[in-house]
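This note is meant for a colleague who is meeting the structure for the first time. Please keep the sequence and the model in view while reading the numbered points.

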Amino acid sequence: MFQQLPSAEICQRARLSRDARFDGLFFTGVFSTGIYCRPICPATSPKEENVRYFASAQAAAAQGLRPCLRCRPESAPGSSPWRGTATTLSRAMALIDAGALNATDEHTSELAQTQAQAMEALAERVGVGSRYLRKLFGEQLGMSPKAYGDYRRLLLAKALLHQTSLPITDVAFAAGFGSVRRFNEVFRERLALTPSDIRAASKVQDSGIRLHLSFRPPYDFMRLRAFFMARAIPGAEWFSNDADEPCYGRTLRVAGDAGWFEACLLTDKNTLAVTIYPGGRVSALSQWLAEIKRVLDVDANLSLIHEHIQGKMPEGVTLNTMTLPGAGSFFEAACRAVLGQQVSLVQATRLLGLLTDETTDEVELGGRRCRVFPTAEQVASATLESLKMPGSRKNALREVAALFSRDPQPNDQALLAVKGVGPWTVSYARMRGLSDPDVLLVGDLVVKQKLCAMGWTKVPDTLKSEVSPWGSYLTLALWHTEV
């Protein structure tokens, strides 16, 4: 099953109370007006006999409904990991969200292959035939993968028109459209509006890219920021903006280009204001948004996750559940794991800073002096003389870097073949570098100590499957729960 739509009774109560915890979990189609809304829409609530509930914005759009101009469904929190990344459809949707069917290649920015070739490549990446993938989309969403991609681009373009002052042509390419003509066609077909109509209602004057990302309570941004702060890479991560307000900012390398983002909490709005400098290529904005959402875990449904993993704990234990903080990349997370072997968090973080200092120079990106975490090639060729640690661990770090320089997404077997890399290192790298939601670090010393303190003499064999698909959240909760 792709995703569960809450019952009609729950949807009704949630929309009438404008409960933000359900934002993005369903959409309300209002057939008397031909629009669909988020549960938190501030407009007067329609009569129940005029509405129907949908599990996704795309499913509502497939019924001919248009997005509400007041609550802006394109700004709702997304779905993803907790809805089942294991399913083929979810993985395909995530890849399309990150630009797999965009008009420009997600890695090179060159004009992509034909739509048919892009579709075949997408199907190959999720391990099925293109015909079967089209069937899945038709059955679950009522639209083809191409139509889904068009709709995702449309919603991103709509958000950019509302929230930025980017020229309309730039909006078209930033959203992933291959031409302004196609951009205008999709707007007319799906919204019965032109891009100029939406831009005319916007009052934004800022020349940069600043978007609002909504989240569902109880998302704790300041706690996430504290987690990052304790593990920060000097120059590559920062925690106050130019106005000296709390934020989380960092550099990233996305689709081959270095840039940065900075997120600030909008108090009482369940929203993060995110400023993005996507390097020199605005057409990679879809990939940037996907990476930022992954790093900040902004789509997590923490209430549901906590309820599930808490239910597997002994009586009297209350988990301190938090969102999953993503590292800057799979490679960065692997480096963090290798450097963190058998040393304290403070020592590991210091080594990470020394590694970045030794292998990179300070650069200027979008008016900011900063550092970018080194590439695998830079680490593989470094002497690592500044790192005061055993030579065997330096060799392991260089070999891991050499592996990533050959394959940016090595599998577990390839990583385990590196001398000095064990299951804990691989699992940690997957948990933070790929934001895999289902990594219970059963070999972690703190995890074992906490479980023992709860009364288990050893980690139960069944615990991993019982807390699935949210083992990573239990790992983090155990790290931060007093027992």
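1. The model is predicted. The comments that follow should be read with that in mind.

2. An open sheet is built from four strands, arranged in the order β3-β1-β2-β4, and its pairing is mixed.

3. Strand β7 deserves attention for its surroundings. It spans residues 246-254, and seven of its nine residues are buried, so the strand is largely enclosed by the rest of the structure.

4. On one side of the chain, strand β6 (residues 237-240) pairs with β7 in the antiparallel sense over three bridges. S240 is found opposite P246 of β7. Five residues lie between the two strands of this hairpin, where D244 adopts a positive phi near 65°.

5. Strand β7 also pairs with strand β8 (residues 257-266), again in the antiparallel sense, over seven bridges. R250 has F261 in β8 as its bridge partner. The hairpin of β7 and β8 has two residues between the strands, and A255 there takes a positive phi near 50°.

6. Is T359 buried or exposed? T359 belongs to helix α14 (residues 345-359). Its relative accessible area is 13%; because buried means under 20%, T359 counts as buried. A polar atom of the T359 side chain lies 2.6 Å from the backbone oxygen of L355. Leaving aside residues up to four places away in sequence, T359 touches P374, Q378 and A382.

7. How do helices α19 and α21 pack against each other? Helix α19 (residues 445-453) meets helix α21 (residues 471-480) at an angle of about 75°, and their axes are 9 Å apart. This angle makes α19 roughly perpendicular to α21. By class, the residues in this contact are five nonpolar, two polar and one charged. The contact brings V446, V447, K450 and L451 of α19 together with T475, L478, W479 and H480 of α21.

Methods:
Residues numbered from 1 in each chain as written. Predicted model: local features only at pLDDT ≥ 70, side-chain atom pairs only at ≥ 80, totals over all residues. Heavy atoms only, no water. Buried < 20%, exposed > 50% of the residue type's maximum accessible area, 1.4 Å probe, protein only. Pairing = 2+ DSSP bridges. Polar contact = N/O pair within 3.5 Å; in protein donor to acceptor, adjacent residues only side chain to side chain. Contact = heavy atoms within 4.5 Å. Axes fitted to C-alpha atoms, helices over the stretch in contact; angles between N-to-C directions. Parallel < 35°, antiparallel > 145°, perpendicular 65-115°, else oblique. Nonpolar A, V, L, I, M, F, W, Y, C, P; charged D, E, K, R; others polar.
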